[in-house]
Amino acid sequence: QAQGISASSESCMMVASDVEEQPTFVLIGGEAYEWQGVAPEHREFQHTSVSFVGSAYASLRKAGIARKNIITIVQLHDYLDTLEQGEQGKLSTGIPAKWYAEQLATTEAKCRCLLDEGGATYDKQDV
């Protein structure tokens, strides 16, 4: 491996470990104000900004940006919890459980690096 580079989780590939000065990146994703904090049955099914934040995070890590230089403000676990409830048939939305399962798998895949490294900096009530 190149000097200053170490392997992280498999999904994050190679990351810089001892770079002194790097810019700080802030990645933000959230639901529209009118959906924030309402019961899971009333939330949006597709929360695309979560996947975009996950993809951007992975790209930054693969480019060598240290985790400490990436601030993520996103309803990651909040959204995943809702998808899991839908997958288990606990939500009465009229959306089939298999669609929740597919959306959960897609979101987890897009956010794998972020999830593997502990999740969002700010999530759930912090958002």
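## Two helices side by side

Helix 2 and helix 3 are roughly antiparallel to each other, a term for angles over 145 degrees, where angles under 35 count as roughly parallel, 65 to 115 as roughly perpendicular and the rest as oblique. The model is a predicted one, in which local features need pLDDT of at least 70 and side-chain atom pairs count only at pLDDT 80 or more, while totals for chains, interfaces and linings use all residues. Residues are numbered from 1 along each chain as its sequence is written, and side-chain values use heavy atoms, with hydrogens and water left out.

The angle at which helix 2 (residues 76–87) and helix 3 (residues 97–110) pack is about 150°, and their axes are 7 Å apart; the axes are lines fitted to C-alpha atoms, for helices over the stretch in contact, and the angles run from 0 to 180 degrees between N-to-C directions.

## The chain as a whole

The protein chain has four helices and four strands, where helices (H or I, at least four residues) and strands (E, at least two) are DSSP runs, numbered from the N terminus. Read from the N terminus on, the order of the elements is β-β-β-α-β-α-α-α.

Of the 127 residues in the protein chain, 39% are buried; buried means under 20% relative accessible area, exposed means over 50%, and partly exposed lies in between, using a 1.4 Å probe and protein chains only. Among contacts in the protein chain with a separation of 6 or more, 71% are between residues 24 or more positions apart.

## Strands 3 and 4

Strand 3 (residues 25–29) and strand 4 run parallel and are joined by five bridges, and two strands count as paired if DSSP finds at least two bridges between them. One of the partners is Val74 in strand 4, which forms a bridge with Gly29. Strand 4 (residues 70–74) has two faces, a covered one with Ile70, Thr72 and Val74 and an uncovered one with Ile71 and Ile73.

Glu21 belongs to the loop between strand 2 (14–16) and strand 3, and it is exposed, because its relative accessibility is 74%. Although Glu21 and Ala66 are 45 residues apart along the chain, their C-alpha atoms are separated by 9.9 Å.

## Helix 1

Helix 1 (residues 48–62) has 15 residues, and from its first C-alpha to its last it reaches 21 Å, close to the 21 Å expected at 1.5 Å a residue; the expected span is 1.5 Å times one less than the number of residues. The buried residues of helix 1 include Val50, Val53, Tyr57 and Leu60. An α-helix has 3.6 residues a turn, so residues three or four places apart point the same way. After helix 1 comes Gly64, which has a positive phi, near 100°.

Ser51, which is found in helix 1, is buried because its relative accessible area is 13%. If neighbours within four places in sequence are left aside, Ser51 is in contact with Thr107, Lys110 and Cys111. Thr48 also lies in helix 1, but Thr48 is partly exposed, because its relative accessibility is 46%. Thr48 is 59 residues from Thr107 in sequence, and their C-alpha atoms are 8.6 Å apart in space.

## Around helices 2 and 3

The 12 residues of helix 2 should span 16 Å at 1.5 Å a residue, and this agrees with the 16 Å between its end C-alpha atoms. Leu76, Asp78, Tyr79 and Gly86 are among the buried residues of helix 2, and what covers the buried residues of this helix includes helix 1, strand 4, helix 3 and helix 4 (112–116).

Just after helix 2, Gly89 has a positive phi of about 75°, and this glycine sits in the loop between helix 2 and helix 3. Gly89 is exposed, because its relative accessible area is 52%, and its C-alpha is separated by 9.1 Å from that of Tyr100, 11 residues away along the chain. Glu102 in helix 3 is partly exposed at 47% relative accessibility, and it lies 19 residues from Leu83 in sequence and 9.2 Å from it in space, C-alpha to C-alpha.

Technical notes:
Contact = heavy atoms within 4.5 Å.
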